[in-house]
Amino acid sequence: MRKDKSSKKENVINNVAEKIKKNVKHEKKPKTSSSFEKKKDLEQLYVYVVIVSQQVANTVLKLLQNIGSSAQFVHNGRGTAPNEVLAVIGAKDAKKAVINAFVSEDKLKLVQEELDIFFSVGHKNRGIAFAIPLSSIQGVRMYKYLTQTI
């Protein structure tokens, strides 16, 4: 009987050892697919900020969309000049629109040129515009969304 018990224990131990060996041999291998960065050259992105009167905000938005800005966000703002100063310079109100648009580096020059033309055409087309480079973006999906590569 002792031999039977000891042989059963040995069989159990051997079975467990074989299962462990199989599991160790079949560990999941890391994915070998190349990352998004390796497949595509990443473009530098900029946040282009344009501050204009609310009257011309829709025109600026359409201009940015036509050029190829991937996303635009509009915030309402108010100028800081007192009403007396606004009356002297002929401005009726200080309501502003702050537009944040995401622009890739290859379209940046075109946006600057188009806004220069827009600001020089009409009396109401006054404003300020500047670009801020993005140094990092969290996540590939966010980058794809901002560059319209989804």
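Helices (H or I, at least four residues) and strands (E, at least two) are DSSP runs, numbered from the N terminus. The model is predicted, so local features need pLDDT of at least 70, side-chain atom pairs count only at pLDDT 80 or more, and totals for chains, interfaces and linings use all residues. Residues are numbered from 1 along each chain as its sequence is written, and side-chain values use heavy atoms, with hydrogens and water left out.

**Exercise 1. The overall layout**

Find how many helices and strands the protein has, and what pattern they follow along the sequence.

Solution. Start with the count: there are six helices and four strands. Next, read along the sequence, which gives α-α-β-α-β-α-β-α-β-α. Finally, look at burial, where buried means under 20% relative accessible area, exposed over 50%, and partly exposed in between (1.4 Å probe, protein chains only). Of the 150 residues in the protein, 25% are buried.

**Exercise 2. Strand E1 and its partners**

Work out which strands pair with E1, and in what sense.

Solution. Recall that two strands pair if DSSP finds at least two bridges between them. Take strand E3 (residues 95-104): nine bridges join E3 to E1, and the two run antiparallel. Within this pairing, Asn100 of E3 stands opposite Val49. Now take strand E4 (residues 127-133), which pairs with E1 over seven bridges, again in the antiparallel sense. Here Tyr46 has Pro133 of E4 as its bridge partner. To finish, check the burial of E1 (residues 45-53): eight of its nine residues are buried, so the strand is largely enclosed by the rest of the structure.

**Exercise 3. Buried or exposed?**

Decide whether Ala101 and Arg126 are buried or exposed, and say where each residue lies.

Solution. Begin with Ala101, which lies in strand E3. Its relative accessible area is 0%, so Ala101 is buried. Across the chain, Ala101 and Gln65 are 36 residues apart, and their C-alpha atoms are separated by 9.0 Å. Move on to Arg126, in the loop between helix H5 (105-121) and E4. With a relative accessible area of 52%, Arg126 is exposed. Arg126 and Ile51 are 75 residues apart in sequence, with 8.7 Å between their C-alpha atoms.

**Exercise 4. Two surface patches**

Identify which residues form the nonpolar patch and which gather in the patch of negative charge.

Solution. Like charges are joined within 9 Å, and nonpolar side chains (Val, Leu, Ile, Met, Phe, Trp, Tyr) within 5 Å. Lys and Arg count as positive and Asp and Glu as negative, while His and the chain ends are not counted. The place of a charge is NZ of Lys, CZ of Arg, CG of Asp or CD of Glu. Accessible areas come from the Shrake-Rupley method with a 1.4 Å probe, and for residues only the protein chains shown count as cover.

Second, the nonpolar patch: Ile128, Phe130 and Ile132 form it, with about 260 Å² of accessible area together. Ile132 is in strand E4 and counts as partly exposed at 41% relative accessibility.

Third, the negative patch on the surface: Asp41, Glu43, Glu105 and Asp106 gather there. Glu43 lies in the loop between helix H2 (36-39) and E1, and is partly exposed with a relative accessible area of 32%.

Notes. Patches are made of residues with over 30% relative accessible area and no salt bridge: like charges are joined within 9 Å, nonpolar side chains (Val, Leu, Ile, Met, Phe, Trp, Tyr) within 5 Å. A salt bridge is a side-chain nitrogen of Lys or Arg within 4 Å of a carboxyl oxygen of Asp or Glu.
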